[in-house]
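Here is a short report for a reader meeting this structure for the first time. Please look over the sequence and the model before reading on.

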Amino acid sequence: MLHLASQSPRRAQLLEQLGAAFRTVHVDVAEQRAGGESPRDYVSRVALDKARAGLAALGGDAGAVVLGADTEVVLDEEVFGKPADAADAAAMLRRLSGRTHAVISAVWLVDVARAQCGVCVSQVRFAALEEAAIAAYVATGEPFGKAGGYAIQGRGAALIEHLEGSYSGVMGLPLFETAGLLRGFGVLAE
């Protein structure tokens with residue numbers, strides 16, 4: 001049985017698109033970047049930590065396959081987490097304004113015998129944003145709980161001038177990589 005180690009409604013929605021039956025399992029994993037850890041290694045490690053924590057929460061069930069994922073916005077090697085408040089969200093959007101940033105999304109599938117990973121890196125270019133546009137977007141409340149302070153699947157799409165990569169990866173679960181992993185574990189039909 002497939003288990004999603006995430007409470008994210010976006011990840012659940014994306015996983016449903018693949019047609020895989022799954023249950024969610026609650027995990028609490030610290031998302032703290034280690035000194036000297038590259039953004040890509042950090043995102044991959046957090047996703048693996050979530051998958052392993054999910055498997056542990058299930059008591060090492062021999063039939064369980066657990067999916068852990070993490071997605072982060074990266075600009076100039078700095079990982080932008082979720083904004084703490086409105087001022088933090090506005091500051092993130094100001095820094096992203098008129099620039100291209102990376103969105104790194106890692107997916108790990110684990111069971112009692114193995115672990116496999118897929119990583120997707122997308123490039124997102126924001127239009128130059130005026131202060132009024134930033135304030136209006138932050139006032140919607142959409143930036144909260146979102147890496148980098150925006151949601152590509154929501155009103156944040158209007159901020160994006162160009163996307164090179166995976167739309168679903170920027171949302172939080174790269175479907176191409178996820179489908180490949182699920183087929184490899186026999187969870188999704190070929």
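## The model

This is a predicted model, in which local features need pLDDT of at least 70, side-chain atom pairs count only at pLDDT 80 or more, and totals for chains, interfaces and linings use all residues. Residues are numbered from 1 along each chain as its sequence is written, and side-chain values use heavy atoms, with hydrogens and water left out.

The largest nonpolar core holds 42 residues. A nonpolar core here is a set of buried Ala, Val, Leu, Ile, Met, Phe, Trp, Tyr and Cys residues joined through side-chain atoms within 4.5 Å. Buried means under 20% relative accessible area, exposed over 50%, and partly exposed in between (1.4 Å probe, protein chains only). L67, L93, F126 and Y150 have the most contacts inside this core.

In soluble globular proteins, nonpolar side chains tend to be buried together.

Leaving aside neighbours within four places, L93 touches residues including F126, L129, I134 and Y150. Contact means heavy atoms within 4.5 Å.

## Helix α3

Helix α3 spans residues 86-96. Helices (H or I, at least four residues) and strands (E, at least two) are DSSP runs, numbered from the N terminus. The buried residues of α3 are A89, A90, M92, L93 and L96. They cover an arc of only 160 degrees around the axis, so they sit on the same side of α3. The arc is that of the directions from the helix axis to the C-beta atoms. Their cover includes β3 (65-75), β4 (78-80), β5 (100-110), β6 (115-126) and α4 (131-139).

D85 caps the N-terminal end of α3. One of its side-chain oxygens lies 3.2 Å from the backbone nitrogen of A87. G98 follows α3, with a positive phi near 70 degrees.

## The loop with D111

D111 lies in the loop between β5 and β6. D111 counts as buried because its relative accessibility is 15%. A polar atom of its side chain lies 2.9 Å from the backbone nitrogen of A113. The backbone nitrogen of R114 lies 2.8 Å from a polar atom of the D111 side chain. Leaving aside neighbours within four places in sequence, D111 is in contact with L55, A64, V65 and F185.

## G184 in α6

G184 lies in helix α6 (residues 175-184). At 42% relative accessibility, G184 counts as partly exposed.

Key. Polar contact = N/O pair within 3.5 Å; in protein donor to acceptor, adjacent residues only side chain to side chain.
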